[in-house]
Amino acid sequence: DLACALPPLGPLVQQWLAEDVPSMDYGGAVVGSKPQTATLFCKQEGVLAGRPFFDAVFEHLNCKVEWKIAEGTFIELKDGATRVETATVTGRACDLLLGERTALNVLARASGIATKSRRLQRIKEQQGWHGCVAGTRKTTPGFRLVEKHAMLVGGVDMHRMDLSSMVMLKDNHIWSHGSITKAVQNARSVCGFALKIEVECSSEADAEEAIAAGADIVMLDNMDAGPFKAAALRIKRKHPHVTVEGSGGITEDTVAAYMGEGVDVLSTSSVHQGVPHVDFSLKVNRS
């Protein structure tokens with residue numbers, strides 16, 4: 001259960017609701033506090049993701065959510081249907097409408113990312129590739145936990161969660177410090193044995209220097225598929241213990257071309273940037 005990996009969501013929910021209701025919810029006074037039930041509809045095919053966050057919004061508002069579809073399910077519109085009943089939410093009318101937009105936004109975004117992730121995972125399976133497709137740290141500020149969770153629901157790797165999860169030395173680190181070797185050695189003196197060190201490399205020679213300095217992972221960045229796979233295979237055969245990653249400009253259309261024997265990881269921000277949302281609506285049941 002991926003929800004068990006999440007931290008307490010109360011502070012995040014409070015931040016979201018404070019953004020949407022900085023003072024008064026005037027519409028809440030219109031509908032009042034009478035108990036009502038609203039139905040959540042999915043109006044577009046896609047992978048359902050973000051249930052724990054949707055739940056947390058309404059739990060914070062003392063509403064009860066009952067789901068009809070499991071997290072990670074691909075929702076289909078069958079037999080000409082325009083929407084699928086996905087859940088019901090019960091609570092005071094003012095609370096249902098206070099949480100409505102925030103909860104829908106989270107669900108739509110998470111489901112869009114999970115849907116894209118599922119497609120990339122399917123490509124990996126079709127290619128029979130042993131490695132993993134991963135997202136990146138190019139997430140929306142304040143929304144990273146949702147987006148990373150959605151990647152897992154869709155079946156791809158989150159990559160590092162944050163700057164504290166793994167040391168990644170990119171071109172600016174190296175240019176600022178003077179050399180790959182010095183940057184890796186300095187990083188190891190700070191992070192110790194407990195964290196892995198990854199180095200962004202623009203060439204096979206850079207990767208060899210990084211490995212000699214003690215890097216655990218080398219990322220070959222912004223290479224064409226053919227030269228990348230050839231370099232990755234040579235590196236992997238010489239250094240089987242090193243993880244070889246490819247990144248830079250990889251998309252759903254091109255990812256299959258980068259999958260090869262010496263490649264362990266392919267990371268792409270296309271998993272979560274510019275991804276269409278899945279359309280949901282929440283409708284109060286008419287008396």
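**Reading the terms of a predicted model**

Mentor: Arg83 lies over the face of Phe41, at 3.7 Å from the ring centre. The model is predicted, so local features need pLDDT of at least 70 and side-chain atom pairs count only at pLDDT 80 or more, whereas totals for chains, interfaces and linings use all residues. Residues are numbered from 1 along each chain as its sequence is written, and side-chain values use heavy atoms, with hydrogens and water left out.

Trainee: What makes Arg83 count as lying over the face of Phe41?

Mentor: A charge sits over a ring if NZ of Lys or CZ of Arg is within 6 Å of the ring centre and within 35 degrees of the ring normal. The distance for Arg83 and Phe41 is 3.7 Å.

Trainee: Why is the pair of Trp16 and Phe143 called tilted?

Mentor: Rings of Phe, Tyr and Trp (its six-membered ring) pair if their centres lie within 6.5 Å; planes under 30 degrees apart count as stacked, over 60 as edge-to-face and the rest as tilted. The centres of Trp16 and Phe143 are 5.7 Å apart and their planes stand at 50°, so this pair is tilted. Trp16 belongs to helix α1 and Phe143 to the loop between β6 (132-134) and α5 (144-154), 127 residues apart. Helices (H or I, at least four residues) and strands (E, at least two) are DSSP runs, numbered from the N terminus.

Trainee: How do you know whether Trp16 is buried or exposed?

Mentor: Buried means under 20% relative accessible area, exposed over 50%, and partly exposed in between (1.4 Å probe, protein chains only). Trp16 has a relative accessible area of 8%, and is therefore buried. Phe143, at 15%, is buried too. Trp16, Phe53 and Phe143 form one aromatic cluster.

Trainee: What puts the buried residues of α8 on the same side?

Mentor: In helix α8 (residues 204-213), the buried residues are Ala207, Ala210, Ile211 and Ala213. They cover an arc of only 160° around the axis, and therefore lie on the same side of α8; the arc is that of the directions from the helix axis to the C-beta atoms. Ala205 and Ala212, on the other side, are exposed.

Trainee: What covers the buried residues of α8?

Mentor: The cover includes α7 (180-191), β8 (197-201), β9 (217-221) and α9 (225-238). Leu220 is in contact (heavy atoms within 4.5 Å) with residues including Ala207, Phe228 and Ile235, leaving aside its neighbours within four places in sequence.
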